[in-house]
Amino acid sequence: MSQNEKATTRTGRPMLRSSSMNGGSYILDHQQYRPHQNNSGAIDDIVETNLDVYQTGEGSVEAARTFRGIPSSQNSLRIRDSSIIHTMSHRSCQPGPDEPGKLVATLFYNSRNPRHPHIHPDSTHASSPDQLPPQPLLQVGLSPTINMANYPLEPPPPEPEPLDHLYGPYISQICLGHFLQILNDLQNPYQRITSSHRCLDSQVHPRVMEITFSPPPNPDYITLEELRRHETIWRFEREWNVEVVLQKEEIWRKHKRLAVFDMDSTLIQQEVIDEIAREIGVEKEVSVITARAMNGELDFGSSLRERVSLLKGVPSDVFERLKPVITVTPGARELCKSLKRLGYKIAVLSGGFTPLAQWLATSLGIDYCYANNLVISADGKSLTGELTGSIVDKERKAFLLEEIARKEGIPLKQVLAAGDGANDLLMLGRAGLGVAFNAKPIVQLEAPSRLNSECLTDILYILGFTKEEQEALLEDD
C-alpha cells in the first residue's frame, strides 16, 4: 500500500443503516458525528458541538475540517470514533460468564399527543379578517398576576424543546442516537456500551422500538430503579415525546405466566362507583372522593366506606342496568385472548364491586376475580350503603397476587400486573413487571414502569412481542 493510500485510510465505523429505519444512517443524516463533550445529555451536544481534532486510521491526531456534505479530495468525509458500538439484533449473542448482564429499553412514541413549539401569532394566517390568530400559551407561573399568593418564588424551569416535529413523529435515528449517548454518559466508571435495536411495529417509521444494551450502569453508582427516574431520561422523554420502559434482559422478561389487572380505569374505562352514584344524583360528591383516593390522598378503605354510605337506597338491579354502559378498554379483549393462548392465568383484583367484576371476568375469560361486596336490604330491593367481607385495598391486592402465584406455582418474576390507582402500587411493586397504565400522577412517579396508551395490547410490546407476533396470537385456529 502506498503512503498516499495509508494517509487516506481511516477506521471503519458501524452505521445505523438498515431496512428497519428510513434513510441512510445517523452519521450520513448529520454529515459528521460529534461525540458528547460536557455530560449534559442535550441533543445540541450531539449534533452541533464543534470538533477540534479527530483521529485518523493511523492513530495520528489532526485538525478536523468541516464536512460540507460533498466529499472530495479537498473536503473528505472524516469521522471521529464516537465511543458507542451499535449493532443490529443478534439473537444468539449473550454475555459471557464474567460479563455484566443486559438491560432492555422499550421506547414508545406518544403519537396521540405530539408536542410542538407554540405557534407565534405572526406566523399564522387568520381564516377571516374578524378572526384573531391563535395566541401563544404561557407556562404555569409565567402569566401576570396581582395576587401575591399566586406569585412564583422563582421562575419555573423551562420545558425541554420538543424535537419530534423536526425529525419525524416516530422514533427517528437521531432520537435513537441521543438515547444511546445518554446511556453512554451514565457509565461510571466509564465502559463502552454495545447495543442493538428492533423496531417492533414498523420497519419504516417505528412507534415502538426495543433497545438492548450492555453493560448496564454500575449499580453502585446508579441502580435500575434510579435509572428509571433519572433526570436525563426524563428530559429525553419530554424532548422526543416518548416513554421509556427499562427492564433486565432475562428469560423471565418474555416468559411470564400470570397476569393480574385492576378493573376500574384499567380493564374498563369507567369508575363503577361513580356510575352507581349517578343513579341517585350523588355523582359529584362520590367522584371527588374517588379521585383523591386513586391519587393516594385518602386512605382507600375509609374513603370507600364513605362513598358506599352515599349509595344507600340505590336499587339492587343497578348492576344489570350498568352492563350496557360499561366500556371495555380498547385492546383488553385482545390482550386477554393473547395471554390465554400463551398459557397465562389471568386475575382481576378490583377495588370495585363483585357483580360487575364477575361479569367482566366471564366476558374476558379471566380465571380469578376478587372485588368488594355490597350489602343488599332484607327485601332484596336496594343497597344498604354498607360493605361486607374484606376490602380489596392495596395490601389485599398485593396479598392476593402472591397467593394466586403461590397456588399456581408461579414465581413472582413471572407475574405481570397493571393498574392505575394508588391502591395498585404495592401490587405493581410485587410483580416481576408492574405497569402503571394511564395512571394517576403519583402512580406514574412511583410505579416500576408506566405506559400511557390508547390500547392495552401495547403491554405485549413491553414483553418483547412484535406487531406481527401479536397478530399471529389473535388468528383463529
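Axes here are lines fitted to C-alpha atoms, for helices over the stretch in contact, and angles run from 0 to 180 degrees between N-to-C directions. Everything below comes from a predicted model, where local features need pLDDT of at least 70, side-chain atom pairs count only at pLDDT 80 or more, and totals for chains, interfaces and linings use all residues. Residues are numbered from 1 along each chain as its sequence is written, and side-chain values use heavy atoms, with hydrogens and water left out.

**View 1. Helices α9 and α10.** Take α9 (residues 272-279) and α10 (residues 283-294): their axes come within 8 Å and cross at roughly 165°. (Helices are DSSP runs of H or I, at least four residues; strands are runs of E, at least two; both are numbered from the N terminus.) The two are therefore roughly antiparallel, a label for angles over 145 degrees. I273, D274, A277 and R278 in α9 meet E283, V286, S287 and T290 in α10, where contact means heavy atoms within 4.5 Å.

**View 2. Helices α5 and α7.** Here α5 (residues 173-185) packs against α7 (residues 231-240) at about 170°, with the axes 11 Å apart. That makes this pair roughly antiparallel. On the α5 side, the contact includes H178 and F179; on the α7 side, F236 and W240 are among the residues they meet.

**View 3. The open sheet.** Seven strands line up as β11-β10-β9-β8-β12-β13-β14, with mixed pairing; strands pair if DSSP finds at least two bridges between them. β11 (383-388) and β14 (449-451) are at the edges with a single partner strand each, so one side of each has no neighbour in the sheet.

**View 4. β12 beside β13.** Residues 415-419 (β12) and 433-437 (β13) pair in the parallel sense over four bridges. A418 stands opposite V435 in β13.

Note on methods. Angles under 35 degrees count as roughly parallel, over 145 as roughly antiparallel, 65 to 115 as roughly perpendicular and the rest as oblique.
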